[in-house]
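Dear colleague,

I am handing over the structure we spoke about, and it is shown just below. After it I set out what was found, so that you can follow each point on the model itself.

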Amino acid sequence: MASLITCPHCGTRPKEEFSVRGAVIARPSASEKDEAWHRYVYVRDNPKGRYQEYWHHAAGCRRWLVVNRDNLTHEVFGVTDAQASREGSR
Amino acid sequence: MSAYRLDAGGLVNRANPLTFTFDGKSYTGFDGDTLASALIANDQMLMGRSFKYHRPRGPVTSGSAEPNALMTIGSGARSEPNVRATVAELYNGLTAVSQNRWPSLAFDLGAVNGLLSPFLGAGFYYKTFMWPAMLWEKLYEPLIRRAAGLGKLTMEADPDRYEKAWAHCDLLVVGSGPAGLMAALSAARAGARVLIADESARFGGSLLSENVVIGGQAASDYAAGLVEELASFPNVTMMPRTTVFGWYDDMVFGAVERVQKHVETPSPDLPVECVWRIVAKRAILASGAEERPLVFGGNDRPGVMTANAARTYLNRYGVAAGSKVAVFTNGGSGYRTAGDLSARGVEVTAIIDARATSTDPAPYGVRVIHGGAVVATRGRNRIDALVAERAGFEEEIACDALAMAGGWSPIVHLMCQRGAKPVWSDAAQAFLAPDVGSGFVAAGSAGCADSIAACLRDGASKAAAFSTELGFAAYAANIPEVEGEYDPDFAPLWYVPGAKDKAFVDFQNDVHVSDLGLAQREGFRHIEHTKRYTTSGMATDQGKLGNVATIGIVAAMRGVSPAEIGTTTFRPFYTPVSMGALAGTSRAEHAAPVRTSPLYGWAKKNGATFVESGLWYRSSWFARDGEKTWRDSVDREVRNVRENAGLCDVSTLGKIEIFGTGAAEFLNRVYSNAFLKLPVGKARYGLMLREDGMVFDDGTTSRLSENHYVMTTTTTYATEVMAHLEFASQTFWPHLDVRFVSSSDQWAQMSLAGPKARIILARIVEDDISDAAMPFLGAKVVTLKGGLKARLFRISFSGELAYELAVPAGYGEAVADAIMQAGREDGICAYGVEALNVLRIEKGFVTHAELEGRTTPDDLGYGKMMAMTKPDFIGKRLSTRFGLTAADRLQLVGLKPVETDKEFMAGAHLLKDGAAATLAGDQGFVSSACYSPTLGHTIGLGLLKSGRERIGEKITVWDGLRGTEVAAEVCLPVFVDPQNTKQHL
Amino acid sequence: MALTLLHRHALEDHILGFETSANPNHLSVARRPVIFSVLAHAGQEQAVGLALKAAPDIAPRFCGPAEWLAVSLTAGSETVAGHLSEISGASVVDQSDGKVLMAISGPSVRQILAKCVGVDLHPQAFAPGHSANMLFGHVAVNLARTGPDAFEIITPRSFAGSVYEDLMEMGREFALTASFSGG
């Protein structure tokens, strides 16, 4: 029927406004080894429980977000702007 | 009025009689009745037939848990099956028909199943219809389908409207009994936004059916006072006739409001039902408690109902369940019903109390049989006597109704829909609401409060706690004194041994005690297995009445606590919700949004046939008089573009405006080919890859000024490309100064193609568009005659001299008209996407038929577009991996039939000449094919193993779907003007 | 050959010929609104946002952290473009033909919109002056509150017909009427 995601820019919105891309993994640099690229493109942990995913607020601010949630219970622990969280981690 | 309608009392409006029919016979009830109460009042206790044995059944409840009194209401396209008569509001002109009987409700031939019942026990279907398997489709399934289901769906289209809506509140209160009303009022007074929903038309819940005095007022008057006060708050939304059916993630609740199910002819301006998605910060479940039926022989005879139902019919509707009512109880509720009936002058023949002793007060003069049990009932379509047993002695007692009280189960369904299981309480002998976190709690009897006073207090205090949490000043509620309460305590009695007839647990699905025993003996011991094997709890009522008894009986059979057996899984919906309500307005033309091009009107008046392409309606071809098939039109359009000129709507292409000092670098990283040095005023064809090296999308990007580009994408991938660019910009390279926004809708874009394109275009454009001023791949802003600014791109998807002209969307139709006018003397025509497709296949240009997710640029002959000297671009790194460079990859080729009158179609497989059609022999497939009017025969593009080395080879085009096999020659993927002279004219 | 080009509104076929006198709940479709996309470059987000607020004749509509729609129902396209060109750190693009602006007002406006959008439009949650992109049915739109009972919806032009028809359908219960406004 509905789930809600609280976008840091737009507020609480139904999940229909978003599209999910999957696990948050950093893109390797061009010089990294084949194994790193292979893992980046093909390998996902797919854990049951807490998970960081890229969600796109497609019908809202069109920002990519990092949604930290439990994929079993859908408890959401936090939503941040993907660019901000990337810059924050640098 | 009738024997069972009392002369006075009840909350029905006797000044407003209503006429209705049941099985063709006319009856009268009152405003405020349910269909069930009106039928009981009219001595029509027989209301349905059970599913398996076709046993005669009457209502066992007065509410939404009803398993028996299901009927079809309405007629024609508005007929709705399986409506519970116990909740259906009576209205004037209502027509109801009974179900699952033939030829009539009172005499049903299907009842012969009852005689066969020794063979129809649990697992009957599984055991009988096992083999031979071939009979399943032909015999068993049709047979079972004919027998299955109660009501029949109408096959007519639903004439009514349904809607969906959102609601938001601080506090959602589910249920409007004493706890719900008091909770809502308490939060409302504190200033919170309150939404209170109740499935009934009238708020009050048990206050409408219990004979107590609250603060000196009758309970129903007290409820009316609370309702009136609630209605006065602007921060309160009251939703009667609304069932909260589901609890979803993040405190979103689903509810269905029956807006016009209580009127004969609904207004077309209102929905008949509305599905609400309610977003609540906090919620209180005040859904009350369900009285359990007792499980004894013959407990399904019409006239046997719960004590609470009998009390509700009496006090709320002014209807006596019978004229001689017996009571079978294991607690105080039975005594209360006896007392209420007796006080209203209805004869109570006996109270059979399963307990050896009790202090519950029996009405004066009524015989109480302590330590007794009912072991059988008598009567055909209505009970006329019961057989009571006590200490080994049996006695027949005449009665025309039997009120049974088997204890209480809090209605905790909603709180268990997200995985939490209800918790067994030995003290309450019931499954209680689980702890689901701080935002959602049960209050009142749903939370096991055992008196109306306790319900009022509980509702008020839980709402006050929530109000405080949400930052409102909690309002201390004034709880009045409640007089005349009874003790609802009970002693558990799961089933009565020694039944002389079937003792039903699940009434609707005809599951009886011995079925449960069979399931245990045959190994279906887990409660979920027991449920599925016996079908207990699987009917439309989902076991609201029977599930707890099922668990209790299984526990008793196994000698363990119900806690050990546990419950089955709770899921939405609490009560059935119509498909119409779930669809809302998303039907017919509102099923999906329609996207129309700014040139839609132009295309329409030029005779376009439209094709749905995603959400778009694109012009497919433009038929002219005398053209018999679409091919006639397409062939003419193609020839005309090659010989003269044509105008095609390409507004649906995605357009993205890209700005910034980092834009060039950004484009260089998202395209596989080089973009850094694209000059201002030029367009370039680009390929975008996925990170795995496969082609993602293609299109042109033009540099309009130093730091301003406009990108076009394919129509299909416009949305995906935009999201892809945003992802790359925001997460890969946020330090690049680049910003972009879609301008897809701003521009009407049209392709003017053909040898005469330039002379036609020159008639409407001010600027010099000679080959020198506007060379191939030129891109610039031009001024149309009259002053309108437009974007002009010299790009070709047909191989002809061609331009794409983009004008502000509002002028699109006028500009297209002007071009048609300007080109008339040169034979211009409108052409659609079919001709566009033929033109590009003739030139070997690819679309998503070839960019199908498994092809690399090299596969498509675009190997040179991999600018491997760039340090990085999306897809670069994995493009060189093993497998993507293999020699036997499928490569793009052209295909033409050896005999020119032969045809093939896209999707056909390619085989070595004369090879058998096997998976191992598969050499590739036809990706695009068409009839080429330029060449006069079928041509195709295909992806063929090592295709580029096989030019000239004869192969077999095998189409297993259409059963054709055509010999074809592999050729270069370009059929017209291989030197590309025409587009450079 | 001089061209006289007629401008066509996306909703012409939907509205013309169906107008009635305006009811209390009314949808007013702007004939020729001026709407620009404004994009702030990195580091300029706040300055651009403030400059937009201060710009004359322009109502800024929030789309995302670095993106707005600059709307004007009073000034012409060139005037607005002129004002916007003075904002440094921003890129702008004219979207006046790519967007359709509908103003809906009346006592039941929130009840109508509750059938269209999932966002809480209670004045405490979505006050006058507030705007945001959101899903309207299946279509992403920009919704702005312009008064206690007044909202403006900006939809992509290609979806405008669908959004309009949906809105009118949802407004049936409240006798919603519609007409064009402006020249």
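How many of the eleven residues of helix 21 (residues 833–843) of chain B are buried? Before I answer, please keep in mind that this is a predicted model. Ten of the eleven are buried, so helix 21 of chain B is largely enclosed by the rest of the structure. The buried residues are V833(B), E834(B), A835(B), L836(B), V838(B), L839(B), R840(B), I841(B), E842(B) and K843(B). Their cover includes strand 33 (608–613), strand 34 (616–622), helix 16 (630–643) and strand 35 (646–649) of chain B, and also strand 48 (922–932) and strand 49 (937–945) of that chain. After helix 21 of chain B comes G844(B), which has a positive phi near 75°.

Two pairs of helices in chain B may also be of interest to you. In one of them, helix 7 (residues 307–315) of chain B packs with helix 8 (residues 332–343) of chain B at an angle of about 25°, and their axes are 9 Å apart. Because angles under 35 degrees count as roughly parallel, helix 7 and helix 8 of chain B are described as roughly parallel to each other. Their crossing is left-handed. On the side of helix 7 of chain B, the residues that take part are A307(B), N308(B), A310(B), R311(B), L314(B) and N315(B), and these meet S333(B), G334(B), R336(B), T337(B), D340(B) and L341(B) of helix 8 of chain B. By class, the residues of this contact between helix 7 and helix 8 of chain B are four nonpolar, five polar and three charged.

In the other pair, helix 10 (residues 513–521) of chain B and helix 11 (residues 527–534) of chain B have axes that come within 10 Å and cross at roughly 125°. Helix 10 and helix 11 of chain B are therefore oblique to each other, and helix 10 of chain B passes helix 11 of chain B in a right-handed crossing. Here D515(B), L516(B) and A519(B) of helix 10 of chain B make the contact with T530(B), Y533(B) and T534(B) of helix 11 of chain B. That contact of helix 10 with helix 11 of chain B has three nonpolar residues, two polar and one charged.

Some backbone details in the loops of chain B deserve a look as well. T535(B) has a positive phi of about 65° although it is not a glycine, and it is found in the loop between helix 11 and helix 12 (547–558) of chain B. With 20 other C-beta atoms within 10 Å, T535(B) is buried. R241(B), which is likewise a residue other than glycine, has a positive phi near 55°, and lies in the loop between strand 12 (236–239) and strand 13 (242–248) of chain B. R241(B) has 20 C-beta neighbours inside 10 Å and counts as buried. A cis peptide bond, with omega of about 10°, joins P572(B) and F573(B), and F573(B) lies in the loop between helix 13 (562–565) and helix 14 (579–583) of chain B.

Turning to chain A, you will find an open sheet of four strands in the order 3-4-5-6, with antiparallel pairing. Strand 3 (19–23) and strand 6 (76–81) of chain A are at the edges with a single partner strand each, so one side of each has no neighbour in the sheet. From one strand to the next, the twist averages 25°. Within this sheet, strand 4 (residues 50–56) and strand 5 (residues 64–70) of chain A pair in the antiparallel sense over seven bridges, and W55(A) stands opposite L65(A) in strand 5 of chain A.

Finally, there are the contacts between chains. Chain A places 18 residues in contact with 21 residues of chain B. Helix 1 (34–42) and helix 2 (82–89) of chain A are the elements that give two or more residues to the chain A side, and helix 2 of chain A gives the most, with four residues. The residues on the side of chain A that touches chain B are nine nonpolar, four polar and five charged.

The contact between chain C and chain B takes 40 residues from chain C and 43 residues from chain B. On the chain C side, the elements that give two or more residues are strand 2 (34–40), strand 5 (90–94) and helix 5 (157–171) of chain C, and the largest share, eight residues, comes from helix 5 of chain C. By class, the side of chain C that touches chain B has 14 nonpolar, 15 polar and eleven charged residues.

With best wishes

Technical notes. Residues numbered from 1 in each chain as written. Chains lettered and ligands numbered in written order. Predicted model: local features only at pLDDT ≥ 70, side-chain atom pairs only at ≥ 80, totals over all residues. Contact = placed C-beta atoms within 7 Å. Nonpolar A, V, L, I, M, F, W, Y, C, P; charged D, E, K, R; others polar. Pairing = 2+ DSSP bridges. Axes fitted to C-alpha atoms, helices over the stretch in contact; angles between N-to-C directions. Buried ≥ 20, exposed ≤ 12 C-beta atoms within 10 Å, placed from the backbone. Parallel < 35°, antiparallel > 145°, perpendicular 65-115°, else oblique. Left-handed = near helix turned anticlockwise from the far one by under 90°.
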